[in-house]
Amino acid sequence: MQSSTILSVQNVCKTFPTRGGGVEALRDVSFSVARNELCVLLGPSGCGKSTLLNIVAGLHTPTSGTLSLEGRPIHGPARERGMVFQSYTSFPWLTVLENVEYGMKLNGIPKAERRERALHYIDLVHLTKFRDAYPKTLSGGMKQRVAIARTLANAPEILLMDEPYGALDAETRWHMQEMLLDIMRTTQTTILLVTHDIQEAIFLADRIVFLSAHPGRLKTILELDFKKGKEIRSKEDLVELEGYPECEREIMHLMRNEAKQEEDA
Amino acid sequence: MTQALRTLPATRAKDTRPKLRIFEFKSDIPASWRLTLGVAVWVLFFAIWQIAAWSGVMPAILLPGPGKVLTALYTLFTEQGFLGDVLISVWRVMFSFALACAVAVPLGILMGAFKSVEAFFSPFVSAWRYLPAPSFIPLLLMWFGAGDAQKLALLFIGVIWFLITLIADHTKAVPKDLINTSVTLGGSRWQVLRTVVVPAALPNIVIAMRQMLAVSWTYLVIAEITAADAGIGAMMMRAKRFLHVDQIMAGILVIGLLGLIFDYLLRALHRRAFQYLDEYS
Ligand SMILES: Nc1ncnc2c1ncn2[C@@H]1O[C@H](COP(=O)(O)OP(=O)(O)O)[C@@H](O)[C@H]1O
Ligand SMILES: [Mg+2]
């Protein structure tokens, strides 16, 4: 396990400076992500998940602590850590194809290679029919697929996702989650995904990093052993799996305890 | 089906189509109604004008009817070289506005994109915005005389500060996530500015231009009325000397029409250039 670590987060603290002395968002958080794993950051709303992901992306700097990717320290945003946001970030003035080519263009990939790679990833997210469409004609789920294809085509070493399906309706969300697992199977990808949706976390995760709130601290790391070696392609596969109800119940308890401590405090 | 679920036969809902009403909050009306209503307001306006002219509430020389004004307009163009005046006025607006845009667009974008640039320019720009441009007319007359330079300067001062502020605000409104998307894909500061900030703000920048072009027309008339030998406003001041109210009104009509035409052209340009926007589906 240790040798395959790609991302390492050590003793990260973050306090946002404010007029009234500052908001402590994260306290002493440490965890690591292994190569080709899908690691989920789970926790109640406002516990600092987005803050932590933004720090990994390099969009925020930690107040203290160290982060490294493949042993290299993280300073500022870079191509190697691609990010998919909850809000729709397809550039409306570019077609699907141009959107997916965008990152590669920034990085000076030659035109022919750019085109080939873009088409490959557009196919991977099932948008081939819409490659020349503008985002305004796409549904929310399709826009998120464009964002995923664009980020993957840019060949990051880790894909960061902040509640990427939070704005989608339930049925679209299932499809998107199933597609993400499909992509994990067919490509060599490492993903760190933030969510507050328990079922989404269990469905997608190889490992769940659970944060507690105010300030955000590492509560526990859950290995989803009941899924190991099982073929899970759809939500139904998951729900029918032995051990699923217990797992969900346990995480619900964790969430509830957090909420209760919040009320007591 | 499992035991836990019971299915009920579907019932069909009754067809209750809402009927068309004239007064309905925010709901669209048929295009034909829109056209009819748009024409009707003008018909009403000309009718009231004509009736007022006939009724004799004012001497006919001070309130000529629409027919007389249209005749005056015709003779202005055919016999008094009014086209030259119109072209000069149009040129003044276009040239001064182009100059203002050449300064305001880059400056506004930089102010909207970078807090440091904003902190430097903002106190200056805000102060100027509160100074009415016409208060500079005496000064401009002394510096530049009554020629074109004075008018171009007034038009420039009249729009530049608002233009900068509007463009800076529109640039600031570019969603942070769009910028961060580019940054996390490896975009440099210059690349983000060029490939995200500018294209994202551009549609609203063109709208700001459309709004300020209308203001520019206002200042044009002020500039030409105070001192000018040529232009629409100058023609109107000449007409005033000879009590040609019909010509003054013809001048007003032309200014209004030109404003409408420019507004329409910029609207059409916007639609053509930004077809990808949601509102042009
Ligand atoms: N820019 C900021 N300035 C001040 N406080 C912030 C800022 N961003 C987040 N916070 C605070 O940090 C905490 C964690 O926020 P966030 O990371 O968005 O939580 P989550 O994504 O888990 O819902 C919250 O209490 C929030 O109010
Ligand atoms: Mg969040």
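Colleague: How many salt bridges do you count between domain 1 of chain B and domain 2 of chain B?

Modeller: Zero salt bridges there. Keep in mind that this is a predicted model.

Colleague: Okay, and what does the side of domain 1 that touches domain 2 have, by class?

Modeller: On that side, domain 1 of chain B has three nonpolar residues, one polar residue and no charged residues.

Colleague: Remind me, where are the two domains in chain B?

Modeller: Domain 1 covers 29-61 and domain 2 covers 66-280. Four residues from domain 1 of chain B and six residues from domain 2 of chain B make the contact. Their centres, taken over C-alpha atoms, are 30 Å apart.

Colleague: What area do they bury between them?

Modeller: About 470 Å², with 77% of it on carbon and sulfur atoms.

Colleague: Switching to the two chains: how many residues of chain A are in contact with chain B?

Modeller: 24 residues of chain A touch 21 residues of chain B. The two chains bury about 1900 Å² between them, 65% of it on carbon and sulfur atoms.

Colleague: Which residues of chain A lose the most area to chain B?

Modeller: Those are Trp93(A), Leu106(A) and Lys136(A), which together make up 38% of what the chain A side buries.

Colleague: And how many salt bridges or polar contacts across chain A and chain B?

Modeller: Zero salt bridges, but nine residue pairs are in polar contact, both residues being at pLDDT 80 or more.

Colleague: Which elements of chain A give two or more residues to that side?

Modeller: Strand 6 (81-84), helix 2 (96-106) and helix 4 (140-153) of chain A. By class, the chain A side that touches chain B has 12 nonpolar, eight polar and four charged residues.

Colleague: Nice. New topic: which residues surround ligand 1?

Modeller: Ligand 1 has residues of chain A around it, among them Phe16(A), Ala25(A), Lys49(A) and His214(A).

Colleague: What distances do you get from the oxygen atoms of ligand 1 to Ser50(A) and Thr51(A)?

Modeller: For Ser50(A), a polar side-chain atom lies 2.7 Å from a ligand 1 oxygen. For Thr51(A), an N or O atom in the side chain is 2.5 Å from an oxygen atom of ligand 1.

Colleague: And Gly48(A), which part of the residue is 3.0 Å from a ligand oxygen?

Modeller: A polar backbone atom of Gly48(A) is at that distance from an oxygen atom of ligand 1.

Methods
Residues numbered from 1 in each chain as written. Chains lettered and ligands numbered in written order. Predicted model: local features only at pLDDT ≥ 70, side-chain atom pairs only at ≥ 80, totals over all residues. Heavy atoms only, no water. Domains from an automatic or database assignment. Contact = heavy atoms within 4.5 Å. Buried area = accessible area lost by both parts, 1.4 Å probe. Salt bridge = Lys/Arg side-chain N within 4 Å of Asp/Glu carboxyl O. Nonpolar A, V, L, I, M, F, W, Y, C, P; charged D, E, K, R; others polar. Polar contact = N/O pair within 3.5 Å; in protein donor to acceptor, adjacent residues only side chain to side chain. Helix = DSSP H or I, 4+ residues; strand = E, 2+ residues; numbered from the N terminus. Near = heavy atom within 4 Å.
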